[in-house]
Every structure is written in structure tokens, then in C-alpha cells.
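Subject: Handing over a structure, with notes on what was found

Dear colleague,

Please keep it open beside the text while you read.

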Amino acid sequence: MLEIKFARIRKGLTQEELGEKIGVNKVTISAYELGKIKPSLDALIKLSDFLEVSIDELLGRKEK
């Protein structure tokens, strides 16, 4: 889920700052970015809204 990391960096946020915005801790954001755990649907929606990217983009889906 490196797309989360790239979107976070584009917004100029640390993992801790992003976690605070969506209600999870820095360790969870790191685990999302490394693909160790998958965000819940609720977390994906919050990430998508806050980072201003589609859920498809966060999941690495490309348009055909």
C-alpha cells in the first residue's frame, strides 16, 4: 500500500499526523504503508477523504 505513503507525502504529513487525522496511531499507518495490515473499509474512507484521493488509487487500482 505504498500509495498511502505517496499520498501522505504529497500532503506533507508525517505518519503520526495522518494517524491523528483518521483516528489511528503511527504504527498502524506504517503497517498500512508497508502492506503488513490492510485498512478497514472505514479507515479507507477516512484516508481517501483526508488525502483527497480515490479508494481505487489508495488500493493501487489503475484505470483501464
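In what follows, contact means that heavy atoms lie within 4.5 Å of one another, and a residue is called buried when its relative accessible area is under 20% and exposed when that value is over 50%. Please bear in mind throughout that this is a predicted model.

I begin with helix α4, which covers residues 41-51 and whose buried residues are A43, L44, L47, S48 and L51. Seen down the axis of α4, these buried residues fall within an arc of 135 degrees, so they line one face of the helix. On the other side of α4, the exposed residues are L41 and D49. As for what the buried residues of α4 pack against, the partners are α1 (2-10), α2 (15-22), α3 (26-34) and α5 (55-58). After α4 comes E52, which has a positive phi, near 60 degrees.

L44, in helix α4, counts as buried because its relative accessibility is 8%, under the 20% cut-off. Not counting residues up to four places away in sequence, L44 touches P39, I55, L58 and L59.

L47 leads on to the nonpolar core. The largest nonpolar core has 13 residues, and those that touch the most other members are I4, L18, Y32, L47, L51 and L58. The elements that give two or more residues to this core are α1, α2, α3 and α4, and α4 gives the most, with 4 residues.

Next, helix α2. Its buried residues are Q15, L18, G19 and I22, and they cover an arc of only 100 degrees around the axis, which puts them on the same side of α2. The face of α2 turned away from that buried side carries the exposed residues E20 and K21. The cover over the buried residues of α2 includes α1, α3 and α4. After α2 comes G23, which has a positive phi, near 85 degrees.

How are α2 and α3 set against each other, in angle and in the distance between their axes? The two helices pack at an angle of about 105 degrees, and their axes are 8 Å apart. That angle makes α2 roughly perpendicular to α3, because angles of 65 to 115 degrees count as such. Where the two helices meet, α2 brings Q15, E16, L18, G19 and I22, and α3 brings K26, I29, S30 and E33. By class, this contact of α2 with α3 has 3 nonpolar, 3 polar and 3 charged residues.

Q15, which has its place in helix α2, is buried, with a relative accessible area of 17%. Leaving aside its neighbours within four places in sequence, Q15 is in contact with R8, K26, I29, S30 and E33. I29, which lies in helix α3, counts as buried at 0% relative accessibility. With neighbours within four places in sequence left aside in the same way, I29 is in contact with Q15, L18, G19, I22 and V24.

With kind regards

How values were computed
Residues numbered from 1 in each chain as written. Predicted model: local features only at pLDDT ≥ 70, side-chain atom pairs only at ≥ 80, totals over all residues. Heavy atoms only, no water. Buried < 20%, exposed > 50% of the residue type's maximum accessible area, 1.4 Å probe, protein only. Arc of directions from axis to C-beta. Core = buried A, V, L, I, M, F, W, Y, C linked by side-chain atoms within 4.5 Å. Axes fitted to C-alpha atoms, helices over the stretch in contact; angles between N-to-C directions. Parallel < 35°, antiparallel > 145°, perpendicular 65-115°, else oblique. Nonpolar A, V, L, I, M, F, W, Y, C, P; charged D, E, K, R; others polar.
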